[in-house]
Amino acid sequence: MKEKIYTIPLTDAFAEGGECPFCTLEKKLEAEQVTYALGASMMEPDSRIISNKKGYCRRHFEQMSREGKALSLGLVLDTHLNELIQSLEEAVATPKAKGGLFKKSSEVDPLAAVLETNQNSCLICDKLHHTLEKFSEVFWYLYKNEPDFKEKVETCQGFCLPHFKLLLSCADHELSGKTLEEAKAEIIALELSHLKRINDEVNWFTKKFDYRNQNEPWGNSKDAPQRAMEKLSKFL
Ligand SMILES: [Zn+2]
Ligand SMILES: [Zn+2]
């Protein structure tokens, strides 16, 4: 069953707690992918081909450079640059294709197209996106079929907004009809309750600056702005 390889990491992420179990999971997967990119991937011709073609974003190049594998990183950069230069030269040599009947703006510029593709291309980001989608599907499968997992979800702290969006968009891959609607409504209610919870925590954080509250306990609010930022924004 394909779900098996996803179940343990997903359950572990929920067990760890925090403002978003999917961020916890993504962080772990990201670290694995960075290590893989300069390790096992170097030995696999198929993987090298994709690495040469797609390249990496700045965030992931920087993480790769902190791996302490200078030669591997050099080799990755060397062959990626090689391929990039080749596709740029081909684009320069290709005449602009007329995209429409008469509008100049609809001309397709091959060079701009290659630059655009390269700018938005990162092998690790792509893999993470794909894997997280799989985990989201398994999330709904387990939510419906495993009472233990459902209980973990009900006691979690909700999700960051981008992963909440991803979860909702994947729900209908696994569920349908009334089950789908009920499960989505439960997760939406969970998320809203935790957005209100973090809002209260941030609110108390700001009130602690009032001298009248200086001797009141912080409660959970000391790191509330940090956690609120995690809740609101994208991990990657
Ligand atoms: Zn998240
Ligand atoms: Zn990336």
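1. Helices are DSSP runs of H or I with at least four residues, and strands are runs of E with at least two; both are numbered from the N terminus. Read in that way along the sequence, the chain of this predicted model follows the pattern α-α-α-α-α-α-α-α-α-α-α. The count is 11 helices and zero strands.

2. On overall dimensions, the C-alpha trace spans about 70 × 50 × 50 Å along its principal axes. The radius of gyration of the chain is 23 Å, whereas a compact globule of 236 residues would have one near 18 Å. Buried residues account for 21% of the 236 residues. Of the contacts between residues at least 6 apart in sequence, 69% join residues at least 24 apart.

3. Helix H9 (residues 161-174) packs with helix H10 (residues 177-207) at an angle of about 175°, the axes being 10 Å apart. Angles over 145 degrees count as roughly antiparallel, and H9 and H10 are therefore roughly antiparallel to each other. On the H9 side the contact is made by Phe164, Leu167, Leu168, Ala171 and Asp172, and on the H10 side by Leu180, Ala183, Lys184, Ile187 and Glu191. These residues comprise seven nonpolar, no polar and three charged.

4. H9 also meets helix H7 (residues 123-145): their axes come within 8 Å and cross at roughly 60°. H7 and H9 are therefore oblique to each other, and their crossing is right-handed. H7 contributes Leu132, Glu133, Ser136, Glu137, Phe139, Trp140 and Tyr141 to the contact, while H9 contributes Leu166, Leu167, Cys170, Ala171, His173 and Glu174. By type, the residues of the H7 contact with H9 are eight nonpolar, two polar and three charged.

Notes: Residues numbered from 1 in each chain as written. Chains lettered and ligands numbered in written order. Predicted model: local features only at pLDDT ≥ 70, side-chain atom pairs only at ≥ 80, totals over all residues. Axes fitted to C-alpha atoms, helices over the stretch in contact; angles between N-to-C directions. Parallel < 35°, antiparallel > 145°, perpendicular 65-115°, else oblique. Contact = placed C-beta atoms within 7 Å. Nonpolar A, V, L, I, M, F, W, Y, C, P; charged D, E, K, R; others polar. Left-handed = near helix turned anticlockwise from the far one by under 90°. Rg over C-alpha atoms; globule rule 2.2 N^0.38 Å. Buried ≥ 20, exposed ≤ 12 C-beta atoms within 10 Å, placed from the backbone.
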